[in-house]
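Please walk through this protein model one piece at a time. Keep the sequence and the 3D view side by side as you read.

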Amino acid sequence: MRKALVVGNWKMNGVRSDATDLAAAIKTGFEDNGAEIAVCVPSVYFSEIGSLLAGSSILLGSQNVAEHDSGAYTGEISAKMLNDFNCHFAIVGHSERRSYYNDSNESVARRYNQSLSQGITPILCVGETLEQRESNETFTVIDQQLDAVIDLAGIESFAKAVIAYEPVWAIGTGKVATDDQAQEVHAYIRNKLAQLDAGIAENMQILYGGSVKPGNATALFAMPDIDGGLIGGASLDGDAFLSIYQSTK
Ligand code: PGA
């Protein structure tokens, strides 16, 4: 049986005191319901937040990882560095990375591989833009995003990964996908993986992301192929984030 997972993506928000206050609030208010929970924090705070969360079940994650092992790549953070801070997860292919920093499908696949090479679970983000949805390209786009990773890393790698379906038009816009819209794509992803490996598909945690809030999380997480969420804006409020966590089935 798949465990539910709720991951906060803090993005580039706040300063040091905001980060420590938020982590402390989440740690204090956390009540374990059997689902998994993680926060992907700005990398400059890994050390401090890691120490603060030590001994709790709240896992630490990164918002990105370099596509190379090491070397002259100014500004990048390697998977080995993430490992130094006990990062459990690394988000790869977030739509903001794909659109603002030109992370291509192939680059995302290399980041995914780097993450796995250090035993860090990649959270592979996929999702279509509004334009692509309106021109009926949703499944083609999802196929391309997944195929690049399957081609490089193999289907068996998905046993140690998480997928997040995040329709770009729903991220930070307040426009959440309907439960049925999200379920349709989640089922599509699971069926696609099942054609390659039924066991891996069955165990795959597929998260929904895009304007998840305490008010819509329960209905989304109740859908059969939605195994939790990747939460942006609402993860910056400790109470809202914990309420979303408690919406897991
Ligand atoms: P949002 O962001 O919850 O603010 O829409 C989701 C994400 O970017 O992962």
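This is a predicted model: local features need pLDDT of at least 70, side-chain atom pairs count only at pLDDT 80 or more; totals for chains, interfaces and linings use all residues.

The axes of helix α5 (residues 105-117) and helix α7 come within 9 Å and cross at roughly 50°. An axis here is a line fitted to C-alpha atoms, for helices over the stretch in contact, and angles run from 0 to 180 degrees between N-to-C directions. Helices (H or I, at least four residues) and strands (E, at least two) are DSSP runs, numbered from the N terminus. The two helices α5 and α7 are therefore oblique to each other. Angles under 35 degrees count as roughly parallel, over 145 as roughly antiparallel, 65 to 115 as roughly perpendicular, and the rest as oblique. The crossing of α5 past α7 is right-handed.

Residues are numbered from 1 along each chain as its sequence is written, and side-chain values use heavy atoms, with hydrogens and water left out.

Which residues make the contact between α5 and α7? From α5 come N105, E106, A109, R110, Y112 and N113. From α7 come Q144, Q145, A148, V149, L152 and A153. Contact means heavy atoms within 4.5 Å. By class, this contact has six nonpolar, four polar and two charged residues. Ala, Val, Leu, Ile, Met, Phe, Trp, Tyr, Cys and Pro count as nonpolar, Asp, Glu, Lys and Arg as charged, and the others, Gly among them, as polar.

Stay with α5 for a moment. R111 lies in this helix. Is R111 buried or exposed? R111 is buried, with a relative accessible area of 5%. Buried means under 20% relative accessible area, exposed over 50%, and partly exposed in between (1.4 Å probe, protein chains only). Leaving aside neighbours within four places in sequence, R111 is in contact with N64, V65, A66, E67, E76, V92 and D103.

Now follow α7 to its other helix contact. Helix α7 (residues 138-153) packs against helix α8 (residues 179-194) at an angle of about 40°, with the axes 11 Å apart. These two are therefore oblique to each other. Again the crossing, α7 past α8, is right-handed. On the α7 side, the contact uses T138, F139, I142, D143, L146, D147 and I150. On the α8 side, it uses E184, V185, Y188, I189, K192 and L193. These residues divide into eight nonpolar, one polar and four charged.

Next, turn to the strands. Eight of them close into a barrel, in the order β1-β2-β3-β4-β5-β6-β7-β8, with parallel pairing. Two strands pair if DSSP finds at least two bridges between them. The twist averages 25° from one strand to the next. Helix α2 (residues 46-53) packs on the sheet and touches β2 (36-40) and β3 (58-62); its direction makes about 165° with that of β3. Helix α7 lies across β5 and β6, running at about 155° to β5.

Look closely at strand β6 (residues 162-165). V162 and A164 are on one side, I163 and Y165 on the other, and all are buried. Four bridges join β6 to strand β5 (residues 121-126). Another four join β6 to strand β7 (residues 205-209). A164 is the bridge partner of C125, and A164 also stands opposite L207 in β7.

Strand β4 has buried residues on both sides too. F89 and I91 point one way, A90 and V92 the other, and all are buried. Two bridges join β3 to β4, which run parallel. Here G61 stands opposite F89.

G93 sits in the loop between β4 (89-92) and α4 (95-100). This glycine is buried, with a relative accessible area of 2%. Apart from neighbours within four places in sequence, G93 is in contact with R98, V108 and C125.

Finally, consider some backbone angles. Most residues other than glycine have a negative phi. K11 has a positive phi of about 55°. This residue lies in the loop between β1 (5-9) and α1 (16-29). N102 also has a positive phi of about 55°. N102 lies in the loop between α4 and α5, and at 63% relative accessibility it counts as exposed.

Definitions and conventions. A crossing is left-handed if the near helix is turned anticlockwise from the far one by less than a right angle, and right-handed if clockwise.
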